[in-house]
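Subject: Structure handover

Hello,

Here is the structure we discussed. Please load it first, then read my notes below.

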Amino acid sequence: LNIDSSRFEILDLLTDFVARNLGKPSDKILSELLQRFAACSGTILLEQPELLMSLFCISSDELHLKFITPLAKKCSLLVIVSSVEGFDNEFPESSGGFQRDIIEFTKFPITCFHKSIALLSLKPLDTGRAKDVTGTLRIIRGGASAKHLPIHVVENEYLYYTQKESTKLFYR
């Protein structure tokens, strides 16, 4: 993208993040993360924050309460990018020790959906890729109350086709 680099900042939370925070209490880790976003008041794009649940053994509720909700209050727009397809599957009842993890990773996106203004869902074709369609883009209203929102979400579904350096949208 041709965006001036002075208009955005990338906070790399992957390089050495786990090694630096290993053994720290989760409250301290989440509050330090919030401090990293102290100067941000515009749009924040947060990619896969659910990984924090696995890395530091915290629940979905704790992640929302101590990080996602306070971060959303600091900025004008919080965009959460999450991959939830892996959690759409039916799991066998005898999942053993993973039962808690399955519940927490299912709960995280559901809670995000309830707090959101709009949901954008990209899904590739179930059959793979066709010559003229790559997948679907779906826009739906989120679960946040529409009474206090200045945004009117127009729900629609589009087909998209991605080529080398371009993506085209088509009405479905």
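The second largest pocket is where I started. Its lining counts 28 residues, with Leu11, Phe37, Leu45, Leu46 and Glu47 nearest the pocket centre. Keep in mind that this is a predicted model. The volume of this pocket comes to about 970 Å³.

Which element gives the most to the lining of the second largest pocket? Strand 1 does, with five residues. Helix 1 (17-21), strand 1 and helix 3 (51-56) each supply at least two lining residues. By type, the lining of the second largest pocket holds 20 nonpolar, four polar and four charged residues.

Next, the aromatic rings. A search of the whole structure gives three aromatic pairs. One of them joins phenylalanine 37 and phenylalanine 67. This pair is tilted, at 6.2 Å centre to centre and 55 degrees between the planes. Phenylalanine 37 sits in the loop between helix 2 (26-36) and strand 1 (43-47), and phenylalanine 67 in helix 4 (residues 60-74), so the pair ties together parts 30 residues apart in sequence. Phenylalanine 37 is buried, at 6% relative accessible area. Phenylalanine 67 is buried too, at 1%.

Tyrosine 158 and tyrosine 171 also pair. Their ring centres are 5.4 Å apart and their planes stand at 40 degrees, so this pair is tilted. Tyrosine 158 belongs to strand 5 (residues 156-162) and tyrosine 171 to strand 6 (residues 167-171), so the pair ties together parts 13 residues apart in sequence. Tyrosine 158 is buried, at 17% relative accessible area. Tyrosine 171 is exposed, at 66%.

Best regards

How values were computed
Residues numbered from 1 in each chain as written. Predicted model: local features only at pLDDT ≥ 70, side-chain atom pairs only at ≥ 80, totals over all residues. Heavy atoms only, no water. Phe/Tyr/Trp six-rings, centres within 6.5 Å; stacked < 30°, edge-to-face > 60°. Helix = DSSP H or I, 4+ residues; strand = E, 2+ residues; numbered from the N terminus. Buried < 20%, exposed > 50% of the residue type's maximum accessible area, 1.4 Å probe, protein only. 1 Å grid on protein atoms, 1.4 Å probe; cavity = no way out; pocket = protein on both sides within 12 Å on 5 of 7 lines; lining within 4 Å. Points joined across faces, edges and corners; volume = space filled by probe spheres on them. Nonpolar A, V, L, I, M, F, W, Y, C, P; charged D, E, K, R; others polar.
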